[in-house]
Amino acid sequence: MPRLTRTAPTRLPDGWTLRRWIALLALATALSWGLMLVGFPAAPLLGSMIAGIGFGVGGTVLVMPRLAYTVAQGFAGVFIARSLTPGIFVDVVAHSPILLLFTALTLAAAFLVGWGVNRFAGVPELPAIFGSLPGMSGAMVIIAQERGVDARIVALMQYTRLAGVILAVSLISHAMPDGSAAHADTAVAESGSVWVEIASMALALIGPFATRLRRLPAAAMLVPMVLGGAIEATGAFQIELPAWAIVLTFGVIGLEVGLKFTRDTLVHALRLVPVVIVSCLALIFLGGLLALLLRLMMPVDMLTAFLAMAPGSIETVAIVAAAAHADVPTILAFQTFRLFVVVLFVPSLMLRLSRLPVWKP
C-alpha cells in the first residue's frame, strides 16, 4: 500500500486563500460561541474542531501553520501548569503500581480493538495496531510512516478517535458536575497583574524552541508545563494567562485536529470509515469501563477517572480537564505516564505482537 505523502496543495490566489481562512475562522467562532452559551467546557476547542472537519472534508486545502500549533501547545502547557502541584510527582510514585496496571490494561484494550479491525475489516495488522494505539496521534502517524506502514489508514483511525474523544469528554464534562470544589482554582483568572500575564505568555513561547528536543514527546507542551509547575511550586508568582490567549489556544488546537480530515484521506479509505467509527466507539467504551474500575481502586470522581483513561492526545484531554475543574494532577499522572510508555516502548512491542498467528492474512 502506498505511504502517506503530503500532496502539494494547488496554488490558489492569496485573496482566495485569505477568504477561506476568514470563512473558517468565522464558522469556528460561531460554533464556539454557541457551545459556550450552553455551557460546554473548552467550547473553542470543540467548535474549532468541528469547523476544521467541515472545511477539510469539504476539500478546502488549508493547513495550520506549524509555528502557530507549537505556540498553542506552549500556551496549553502553561494553562495546565496552573493546576499542577508538587504532589503530582508524589502521586506518580505512590500510585506507580496502579499506573502500570491501567497502562497495561489500556494497551490491551487498544490491541483488542486493533485485532478486531484486522479480523472484521481486513486491515493489515500493523496499520490496525498503530491506528488503535492511544497516545500522541501525530506521533503514531509519524512512527507508522517511518516504519513503512500505510500511514493514511493510521491517520484516519487516529484522528477519528481523537475527534471522538474530544466530543465524548466535552459531552461528559458538560453532563457531569465539576470534579470537586477543591479544584476550582484551575479556572482562568479574570483579572491579574499585566506583568504576570506577560511573564506567563513569555514562558509559553518556549514551546516552539522545545520542539528541538526530538526524543521528548509533546515537548512543546511538556517543557512549558513542567517549568510553569516548578514556578508555581516555588511561589515566585502565580501563573495567569489572559482569557483571549486561552480561547486562541483552544481554537488553534481544535483547528489543527479538524483540518487533518482531508478528502484525500477519506477517499483512500472510504470503505473503512464505518469500521473506524465503530472501533473508535469501542475504545472509548473500554476506556469508560476502565474508568469505573479506577474509581473503585482510587478515591477519584467519575469525571477524573474517565479523563485519566481517555485514549486521546494529552494536550486535548488536559485542557478539557482543566476547563472542567477535574483533578488535573491525577489525570496528568496517568496520561503522561502512558504517553511516554506508548511513544518510547510500545511500537517495538507491537511489531513483535504483529507476528503472532492471530491475525487475518
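Predicted model: local features only at pLDDT ≥ 70, side-chain atom pairs only at ≥ 80, totals over all residues.
**Exercise 1. Decide how covered helix H3 is, and check its length.**

Solution. H3 is mostly covered, with twelve of its 16 residues buried. Buried means under 20% relative accessible area, exposed means over 50%, and partly exposed lies in between (1.4 Å probe, protein chains only). Helices (H or I, at least four residues) and strands (E, at least two) are DSSP runs, numbered from the N terminus. Next, name the buried residues. Among them are Tyr 69, Thr 70, Gln 73, Phe 75 and Ile 80. Now check the length. The expected span is 1.5 Å times one less than the number of residues.

Residues are numbered from 1 along each chain as its sequence is written, and side-chain values use heavy atoms, with hydrogens and water left out.

**Exercise 2. Describe the chain as a whole.**

Solution. Start with the elements: the chain has 18 helices and zero strands. Then take burial: 54% of the 361 residues are buried. Last, take contacts, meaning heavy atoms within 4.5 Å. Of the contacts with a separation of 6 or more, 80% join residues 24 or more positions apart.

**Exercise 3. Describe how H2 packs against H8.**

Solution. Two packed helices are described by the angle between their axes and the distance between the axes. Axes are lines fitted to C-alpha atoms, for helices over the stretch in contact, and angles run from 0 to 180 degrees between N-to-C directions. The axes of H2 (residues 43-57) and H8 (residues 151-175) come within 10 Å and cross at roughly 145°. The crossing of H2 past H8 is left-handed. From H2, the contact uses Leu 45, Leu 46, Met 49 and Ile 53; from H8, it uses Ala 163, Ile 166, Leu 167 and Ser 170. Sorted by class, that contact has seven nonpolar residues, one polar and no charged.

Now look at H8 alone. Its 25 residues should span 36 Å at 1.5 Å a residue, and its end C-alpha atoms are 35 Å apart, which agrees. In H8, 20 of the 25 residues are buried, so the helix is largely enclosed by the rest of the structure.

**Exercise 4. Find the nonpolar cores.**

Solution. A nonpolar core is a set of buried Ala, Val, Leu, Ile, Met, Phe, Trp, Tyr and Cys residues joined through side-chain atoms within 4.5 Å. The largest has 95 residues, and Leu 294 and Phe 334 touch the most other members. H8 gives the most to this core, with ten residues. Apart from it lies another core of 14 residues, including Val 113, Leu 156, Leu 266 and Val 276.

Which residues surround Phe 334? Leaving out residues up to four places away in sequence, Phe 334 touches Ile 98, Leu 99, Phe 102, Leu 294, Met 298, Ala 308 and Met 309.

**Exercise 5. Judge whether H16 is enclosed or open.**

Solution. Nine of the ten residues of H16 (residues 314-323) are buried, so the helix is largely enclosed by the rest of the structure. Glu 315 and Thr 316 are among the buried ones. Just after H16, His 325 takes a positive phi of about 60°.

Notes. Left-handed = near helix turned anticlockwise from the far one by under 90°. Nonpolar A, V, L, I, M, F, W, Y, C, P; charged D, E, K, R; others polar.
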